[in-house]
Amino acid sequence: MPANLPPEYYEIEEKFQNASRIDEKISALNEMLSVIPKHKGTDKLRARLRRKLSNLKEESKKSKGGEVQDNPYLVEKQGAGQVVLVGFPNSGKSSLVQKMTNAKVEVASYPFTTTLPQPGMMPYEDIKIQLVDTPPITEEGIPGPFISTISKGDLLLLFVDIAGEDCVEQMEKMLKFLQEKNIYGRNKDQKNMLFNDHRCLTAAAKIDIEGSEERLEILKELIPDHPELIPISSKTEKNLDRLKQRIFEKLNVIRIYTKAPGRKADTDNPFVLRKGASVIDFAGRVHKDLANNFKKAHLWGSARFDGQNVGKDYQLEDQDIVEIHTSS
Ligand SMILES: Nc1nc2c(ncn2[C@@H]2O[C@H](COP(=O)(O)OP(=O)(O)OP(=O)(O)O)[C@@H](O)[C@H]2O)c(=O)[nH]1
Ligand SMILES: [Mg+2]
């Protein structure tokens, strides 16, 4: 990387890294190219960025005439899973995204601060999970286009403002809207719903505010079949680690590390696979040739002993290390 780049280059580069839509990425790349000084030392970088730009333009053309990228309600998935936040105005959604991710979201004491979905990446141990901040649901329910944002998510994170006197009513209304739209149903009505209890959590937000613990108990009593509730505070950070942990567990994924024969495992860059994936699923994810020419694998982690020989159907567990041997 040339050392003499202007400071704004790095700001735009960050914007590029955080951009989730192709049009945003294209615009950031154009900006990056416009601020890079033109001389020999930056030739390679400029060529690399121009190549990236042309690939992205191709990609944008291919995607249904650009329709998908033009819809601001659709958020491209990134990381180990996509968690969509849903709740009434002022319930604390953006505050959590601000606390847990690098996204520059707006937080304010007045309602309807967030007007469009906005993603941010939340670090969890050695992976990143995408949180999608969203505009609030309203008295009338959920705005139409916003349902498409929700339906694409891997996990639903509901918000209830537990500091509010009306928290029970809020929760009841939210559950009713979600049920009417076939998004999430209470225990007995989960068939045909987009999300069930395995893919839904509720943050009881602002637990630091006086009286909230008592209101939480009342809410649990009055709505016994609520989705799993985690009391949190984005202000004091209470239970944020627990929330992260439950989000990871509910995403139902595992992290697997590669190891080349005779080398140390690459523990910095896990591959993320669905729970239940086998050695051959993993091989295919690393490279299709590894799956096609698979002979055997050595395994560290869930194996009975380090370096155990396993076949292609061996079911992997979170944080296993796999060394694949091929026949060619
Ligand atoms: N004490 C306390 N205040 C909080 C907490 N979380 C959010 N708030 C405050 O609640 C208000 C609303 O927070 P936001 O994060 O903007 O709420 P939102 O759900 O994104 O609101 P909309 O964008 O309108 O849907 C702000 O004044 C926050 O400072 C919390 O954990 N504790
Ligand atoms: Mg908001």
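The shell around ligand 1 comprises eight nonpolar, 11 polar and four charged residues; here Ala, Val, Leu, Ile, Met, Phe, Trp, Tyr, Cys and Pro count as nonpolar, Asp, Glu, Lys and Arg as charged, and the others, Gly among them, as polar. A residue is near a molecule if its C-beta atom, placed from the backbone, lies within 6 Å of it. Of the 23 residues around ligand 1, those that come nearest are Gly-92, Ser-94, Ser-95, Thr-114 and Pro-136. The most is given to this shell by helix α5 (residues 93-100), with three residues. Helices (H or I, at least four residues) and strands (E, at least two) are DSSP runs, numbered from the N terminus.

This is a predicted model, in which local features need pLDDT of at least 70, side-chain atom pairs count only at pLDDT 80 or more, and totals for chains, interfaces and linings use all residues. Residues are numbered from 1 along each chain as its sequence is written, while chains are lettered from A and ligands numbered from 1 in the order in which they are written.

The mean pLDDT (the predictor's confidence in each residue, from 0 to 100) of the protein chain is 90, and 96% of its residues reach 70 or more. Confidence is lowest in helix α4 (residues 67-70), at a mean of 51, and highest in strand β6 (residues 229-232), at 98.

Most residues other than glycine have a negative phi. Glu-125, in the loop between β2 (118-124) and β3 (127-133), has a positive phi near 45°. Lys-206, in the loop between β5 (200-205) and α8 (212-222), has a positive phi of about 70°.
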